[in-house]
Amino acid sequence: KRYELKYILTEEQKEKVLRAMEPHMELDRFGRTVIRNIYFDTNDYRLIRRSIEKPAYKEKLRIRSYRRAEPDSTVFVELKKKYKKVVYKRRIPLPEKEAMSWVTEGRHCQNGGQISGEVDYFLNYYRHLHPAGFLSYEREAYYDRNQTDFRVTFDDTILFRQEDLSLESEVYGTPILPEGYVLMEIKCSGAIPLWMVRVLSKEHIYKTSFSKYGTAYRTIIYPNLTKEEPIHA
(Lines give C-alpha, C1' and ligand atoms only; values in the text may rest on other atoms or scores of the structure.)
Protein backbone atom coordinates (compact mmCIF):
# COMPACT_ATOMS: atom_id res chain seq x y z
CA LYS A 1 0.00 0.00 0.00
CA ARG A 2 1.65 3.22 -1.16
CA TYR A 3 1.52 6.28 -3.37
CA GLU A 4 3.39 6.26 -6.67
CA LEU A 5 4.14 9.70 -8.11
CA LYS A 6 5.55 9.97 -11.64
CA TYR A 7 7.70 12.59 -13.33
CA ILE A 8 9.22 12.83 -16.81
CA LEU A 9 12.77 14.20 -16.56
CA THR A 10 15.49 15.24 -18.95
CA GLU A 11 18.93 13.70 -18.37
CA GLU A 12 20.08 17.05 -16.95
CA GLN A 13 17.19 17.14 -14.47
CA LYS A 14 17.94 13.56 -13.45
CA GLU A 15 21.54 14.47 -12.62
CA LYS A 16 20.40 17.37 -10.44
CA VAL A 17 17.93 15.15 -8.59
CA LEU A 18 20.66 12.53 -8.07
CA ARG A 19 22.95 15.15 -6.57
CA ALA A 20 20.20 16.17 -4.13
CA MET A 21 19.67 12.51 -3.24
CA GLU A 22 23.33 11.78 -2.44
CA PRO A 23 23.22 12.69 1.29
CA HIS A 24 19.99 10.74 1.85
CA MET A 25 19.70 7.75 -0.50
CA GLU A 26 21.64 4.82 -1.90
CA LEU A 27 21.37 2.67 -5.00
CA ASP A 28 19.92 -0.69 -4.00
CA ARG A 29 22.00 -3.87 -4.10
CA PHE A 30 20.81 -4.81 -7.59
CA GLY A 31 22.26 -1.67 -9.19
CA ARG A 32 21.01 -1.05 -12.72
CA THR A 33 18.68 -3.86 -13.80
CA VAL A 34 16.63 -4.75 -16.87
CA ILE A 35 13.03 -5.49 -15.92
CA ARG A 36 10.87 -7.58 -18.23
CA ASN A 37 7.07 -7.67 -18.04
CA ILE A 38 4.29 -9.45 -19.88
CA TYR A 39 0.97 -7.65 -19.51
CA PHE A 40 -2.31 -9.54 -19.80
CA ASP A 41 -5.58 -8.22 -21.18
CA THR A 42 -8.82 -9.26 -22.83
CA ASN A 43 -9.20 -9.52 -26.61
CA ASP A 44 -10.75 -6.04 -26.71
CA TYR A 45 -8.18 -4.56 -24.29
CA ARG A 46 -10.81 -3.93 -21.66
CA LEU A 47 -8.33 -3.53 -18.80
CA ILE A 48 -6.13 -0.87 -20.35
CA ARG A 49 -9.04 0.99 -21.96
CA ARG A 50 -10.69 1.31 -18.57
CA SER A 51 -7.40 2.37 -16.97
CA ILE A 52 -6.97 5.18 -19.50
CA GLU A 53 -10.40 6.53 -18.51
CA LYS A 54 -8.90 7.22 -15.03
CA PRO A 55 -11.61 5.64 -12.89
CA ALA A 56 -11.44 5.70 -9.08
CA TYR A 57 -10.53 2.00 -9.14
CA LYS A 58 -8.45 0.12 -11.69
CA GLU A 59 -6.38 -3.03 -11.82
CA LYS A 60 -3.90 -4.85 -14.03
CA LEU A 61 -2.12 -8.20 -14.16
CA ARG A 62 1.43 -8.88 -15.31
CA ILE A 63 4.23 -11.39 -14.94
CA ARG A 64 7.60 -9.82 -14.18
CA SER A 65 11.18 -11.02 -14.33
CA TYR A 66 14.37 -9.25 -13.25
CA ARG A 67 16.53 -11.15 -15.75
CA ARG A 68 16.12 -13.20 -18.89
CA ALA A 69 14.06 -16.15 -17.68
CA GLU A 70 14.32 -19.89 -18.14
CA PRO A 71 11.41 -22.33 -17.53
CA ASP A 72 12.50 -22.88 -13.91
CA SER A 73 13.53 -19.27 -13.19
CA THR A 74 11.64 -17.42 -10.48
CA VAL A 75 9.30 -14.78 -11.86
CA PHE A 76 6.52 -12.80 -10.18
CA VAL A 77 2.80 -12.87 -10.92
CA GLU A 78 1.69 -9.37 -9.94
CA LEU A 79 -1.82 -8.06 -9.41
CA LYS A 80 -1.69 -4.27 -9.15
CA LYS A 81 -4.68 -2.30 -7.96
CA LYS A 82 -5.14 1.44 -7.65
CA TYR A 83 -7.94 3.06 -5.68
CA LYS A 84 -8.16 6.84 -5.28
CA LYS A 85 -4.44 7.26 -6.07
CA VAL A 86 -3.31 4.63 -3.54
CA VAL A 87 -1.52 1.63 -5.05
CA TYR A 88 -1.94 -1.89 -3.68
CA LYS A 89 0.31 -4.59 -5.09
CA ARG A 90 -0.01 -8.35 -4.61
CA ARG A 91 2.58 -10.72 -6.01
CA ILE A 92 3.57 -14.37 -5.90
CA PRO A 93 6.98 -15.82 -6.91
CA LEU A 94 6.72 -18.88 -9.15
CA PRO A 95 8.79 -20.76 -11.72
CA GLU A 96 8.25 -19.09 -15.11
CA LYS A 97 6.61 -22.13 -16.70
CA GLU A 98 4.20 -22.54 -13.78
CA ALA A 99 3.34 -18.82 -13.72
CA MET A 100 2.47 -18.76 -17.43
CA SER A 101 0.40 -21.95 -17.14
CA TRP A 102 -1.56 -20.49 -14.23
CA VAL A 103 -2.43 -17.24 -15.97
CA THR A 104 -2.93 -18.47 -19.54
CA GLU A 105 -4.27 -22.00 -19.04
CA GLY A 106 -6.10 -21.73 -15.74
CA ARG A 107 -3.96 -24.34 -13.99
CA HIS A 108 -4.18 -24.23 -10.22
CA CYS A 109 -1.48 -22.30 -8.35
CA GLN A 110 0.26 -24.55 -5.84
CA ASN A 111 1.08 -21.71 -3.46
CA GLY A 112 -2.49 -21.16 -2.35
CA GLY A 113 -3.25 -18.45 0.18
CA GLN A 114 -5.06 -15.13 -0.01
CA ILE A 115 -2.99 -13.62 -2.81
CA SER A 116 -3.47 -16.54 -5.20
CA GLY A 117 -7.18 -16.40 -4.34
CA GLU A 118 -7.29 -12.75 -5.41
CA VAL A 119 -5.51 -13.58 -8.67
CA ASP A 120 -7.86 -16.51 -9.29
CA TYR A 121 -10.85 -14.22 -8.78
CA PHE A 122 -9.35 -11.72 -11.23
CA LEU A 123 -8.74 -14.44 -13.84
CA ASN A 124 -12.25 -15.83 -13.42
CA TYR A 125 -13.86 -12.39 -13.56
CA TYR A 126 -12.19 -11.24 -16.77
CA ARG A 127 -11.83 -14.66 -18.42
CA HIS A 128 -9.85 -15.40 -21.58
CA LEU A 129 -6.94 -13.14 -20.69
CA HIS A 130 -4.02 -13.38 -23.06
CA PRO A 131 -0.50 -11.92 -23.23
CA ALA A 132 -1.07 -8.45 -24.69
CA GLY A 133 2.48 -7.09 -24.79
CA PHE A 134 6.09 -7.38 -23.68
CA LEU A 135 7.36 -4.28 -21.91
CA SER A 136 10.94 -3.86 -20.72
CA TYR A 137 13.00 -1.07 -19.24
CA GLU A 138 16.28 -0.39 -17.48
CA ARG A 139 15.87 0.69 -13.86
CA GLU A 140 17.95 2.29 -11.14
CA ALA A 141 16.27 2.00 -7.73
CA TYR A 142 17.26 4.02 -4.67
CA TYR A 143 16.25 3.59 -1.02
CA ASP A 144 16.35 5.95 1.97
CA ARG A 145 19.30 5.38 4.30
CA ASN A 146 17.07 6.17 7.28
CA GLN A 147 15.15 2.95 6.59
CA THR A 148 11.89 4.68 5.80
CA ASP A 149 9.76 3.34 2.98
CA PHE A 150 10.69 6.27 0.73
CA ARG A 151 12.04 5.02 -2.61
CA VAL A 152 12.94 6.61 -5.95
CA THR A 153 13.35 4.79 -9.26
CA PHE A 154 14.58 5.95 -12.66
CA ASP A 155 13.43 4.05 -15.75
CA ASP A 156 14.80 4.51 -19.27
CA THR A 157 15.06 2.52 -22.50
CA ILE A 158 11.35 1.66 -22.13
CA LEU A 159 10.51 -0.73 -24.99
CA PHE A 160 7.25 -2.39 -26.04
CA ARG A 161 6.35 -5.09 -28.53
CA GLN A 162 3.48 -7.47 -29.31
CA GLU A 163 5.40 -10.39 -30.77
CA ASP A 164 7.69 -12.95 -29.13
CA LEU A 165 5.80 -12.58 -25.84
CA SER A 166 8.09 -14.60 -23.60
CA LEU A 167 10.22 -13.69 -20.61
CA GLU A 168 12.77 -16.12 -22.04
CA SER A 169 13.37 -13.91 -25.07
CA GLU A 170 15.77 -11.04 -25.77
CA VAL A 171 14.91 -7.43 -24.94
CA TYR A 172 13.85 -5.36 -27.96
CA GLY A 173 10.88 -3.29 -29.10
CA THR A 174 9.59 0.19 -29.90
CA PRO A 175 10.59 3.02 -27.52
CA ILE A 176 7.66 4.71 -25.76
CA LEU A 177 9.61 7.65 -24.32
CA PRO A 178 11.34 10.27 -26.47
CA GLU A 179 15.11 9.95 -26.61
CA GLY A 180 16.86 11.76 -23.77
CA TYR A 181 14.01 11.46 -21.27
CA VAL A 182 13.70 9.38 -18.09
CA LEU A 183 10.71 8.30 -16.03
CA MET A 184 11.18 8.98 -12.32
CA GLU A 185 8.83 7.41 -9.78
CA ILE A 186 8.59 8.41 -6.13
CA LYS A 187 7.13 5.64 -3.98
CA CYS A 188 6.06 6.36 -0.42
CA SER A 189 3.27 5.79 2.08
CA GLY A 190 3.32 9.32 3.46
CA ALA A 191 4.83 12.74 2.83
CA ILE A 192 7.73 13.40 0.45
CA PRO A 193 10.89 14.56 2.31
CA LEU A 194 11.41 18.31 2.29
CA TRP A 195 14.78 18.07 0.50
CA MET A 196 13.08 16.29 -2.43
CA VAL A 197 10.25 18.83 -2.53
CA ARG A 198 12.87 21.58 -2.76
CA VAL A 199 14.76 20.10 -5.70
CA LEU A 200 11.54 19.35 -7.59
CA SER A 201 10.43 22.96 -7.12
CA LYS A 202 13.83 24.44 -7.99
CA GLU A 203 14.17 22.41 -11.20
CA HIS A 204 10.52 22.90 -12.24
CA ILE A 205 9.82 19.17 -12.20
CA TYR A 206 6.09 18.52 -12.09
CA LYS A 207 4.06 15.41 -11.40
CA THR A 208 2.50 13.79 -14.44
CA SER A 209 0.14 10.96 -15.25
CA PHE A 210 2.09 8.28 -17.09
CA SER A 211 1.41 4.59 -17.57
CA LYS A 212 3.91 2.51 -19.52
CA TYR A 213 1.29 0.05 -20.72
CA GLY A 214 -1.24 2.85 -21.26
CA THR A 215 1.24 4.79 -23.39
CA ALA A 216 2.02 1.64 -25.37
CA TYR A 217 -1.71 1.15 -26.00
CA ARG A 218 -2.24 4.72 -27.21
CA THR A 219 0.87 4.91 -29.40
CA ILE A 220 1.31 1.34 -30.67
CA ILE A 221 -1.62 -1.00 -30.02
CA TYR A 222 -4.55 1.29 -30.84
CA PRO A 223 -3.06 2.68 -34.10
CA ASN A 224 -2.45 -0.90 -35.27
CA LEU A 225 -6.01 -1.90 -34.36
CA THR A 226 -7.47 0.94 -36.43
CA LYS A 227 -5.34 -0.09 -39.40
CA GLU A 228 -6.77 -3.61 -39.21
CA GLU A 229 -10.41 -2.46 -39.25
CA PRO A 230 -12.16 -3.35 -42.54
CA ILE A 231 -13.09 -0.51 -44.86
CA HIS A 232 -16.80 -0.64 -45.80
CA ALA A 233 -17.94 0.69 -49.16
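Buried means under 20% relative accessible area, exposed means over 50%, and partly exposed lies in between, with a 1.4 Å probe and protein chains only. Strands (E, at least two residues) and helices (H or I, at least four) are DSSP runs, numbered from the N terminus.

On one pairing, β4 joins strand β3 (residues 57-65) in the antiparallel sense over 8 bridges. Two strands pair if DSSP finds at least two bridges between them. Leu-61 is the residue opposite Leu-79 of β4. Strand β5 (residues 86-95) also runs antiparallel to β4, and 10 bridges join the two. Here Val-77 stands opposite Ile-92 in β5. β4 and β5 form a hairpin with 2 residues between them, and Lys-84 in the turn has a positive phi of about 50°.

## How the model was read

Residue numbers start from 1 along each chain as its sequence is written, and side-chain values use heavy atoms, with hydrogens and water left out. Because the model is predicted, local features need pLDDT of at least 70 and side-chain atom pairs count only at pLDDT 80 or more, while totals for chains, interfaces and linings use all residues.

## Strand β6 and its partners

In strand β6 (residues 130-144), 11 of the 15 residues are buried, so β6 is largely enclosed by the rest of the structure. Strand β2 (residues 25-41) runs antiparallel to β6, and 13 bridges join them. Gly-133 in β6 is the bridge partner of Tyr-39. Strand β7 (residues 151-161) is antiparallel to β6 as well, joined by 9 bridges. Ala-141 stands opposite Thr-153 in β7. The hairpin of β6 and β7 has 6 residues between the strands, and Gln-147 in the turn has a positive phi of about 65°.

Tyr-143 lies in β6. With 33% relative accessibility, Tyr-143 counts as partly exposed. Leaving aside residues up to four places away in sequence, Tyr-143 touches His-24, Met-25, Glu-26, Leu-27, Asp-28, Phe-150 and Arg-151; contact means heavy atoms within 4.5 Å. Tyr-143 and Lys-187 are 44 residues apart in sequence, and their C-alpha atoms are 9.8 Å apart in space.

## Helix α3

The buried residues in helix α3 (residues 96-105) are Glu-96, Ala-99, Met-100, Ser-101, Trp-102 and Val-103. The buried residues of α3 pack against β2, β3, β4, β5, α4 (113-126) and β6. Just after α3, Gly-106 takes a positive phi of about 75°.

## Helices α1 and α5

Helix α1 (residues 11-21) and helix α5 (residues 194-202) have axes that come within 10 Å and cross at roughly 155°. That makes α1 roughly antiparallel to α5. Axes are lines fitted to C-alpha atoms, for helices over the stretch in contact, and angles run from 0 to 180 degrees between N-to-C directions. Angles under 35 degrees count as roughly parallel, over 145 as roughly antiparallel, 65 to 115 as roughly perpendicular, and the rest as oblique.

On the α1 side, Lys-16, Val-17, Ala-20 and Met-21 meet Trp-195, Met-196 and Val-199 in α5. The residues of this contact of α1 with α5 divide into 6 nonpolar, no polar and 1 charged. In this count Ala, Val, Leu, Ile, Met, Phe, Trp, Tyr, Cys and Pro are nonpolar, Asp, Glu, Lys and Arg are charged, and the others, Gly among them, are polar.

## Leu-5 in strand β1

Leu-5 is found in strand β1 (residues 2-10). The relative accessible area of Leu-5 is 18%, so Leu-5 is buried. Not counting residues up to four places away in sequence, Leu-5 touches Met-184, Glu-185, Ile-186, Ile-192 and Lys-207. The C-alpha atoms of Leu-5 and Gly-173 are separated by 26 Å, and the two residues are 168 residues apart along the chain.

## Positive phi in two loops

Most residues other than glycine have a negative phi. Asp-164 is not a glycine, yet has a positive phi of about 55°. Asp-164 lies in the loop between β7 and β8 (174-175), and is partly exposed, with a relative accessible area of 40%.

His-204, also a residue other than glycine, has a positive phi near 55°. His-204 is found in the loop between α5 and α6 (212-228). With a relative accessible area of 52%, His-204 is exposed.
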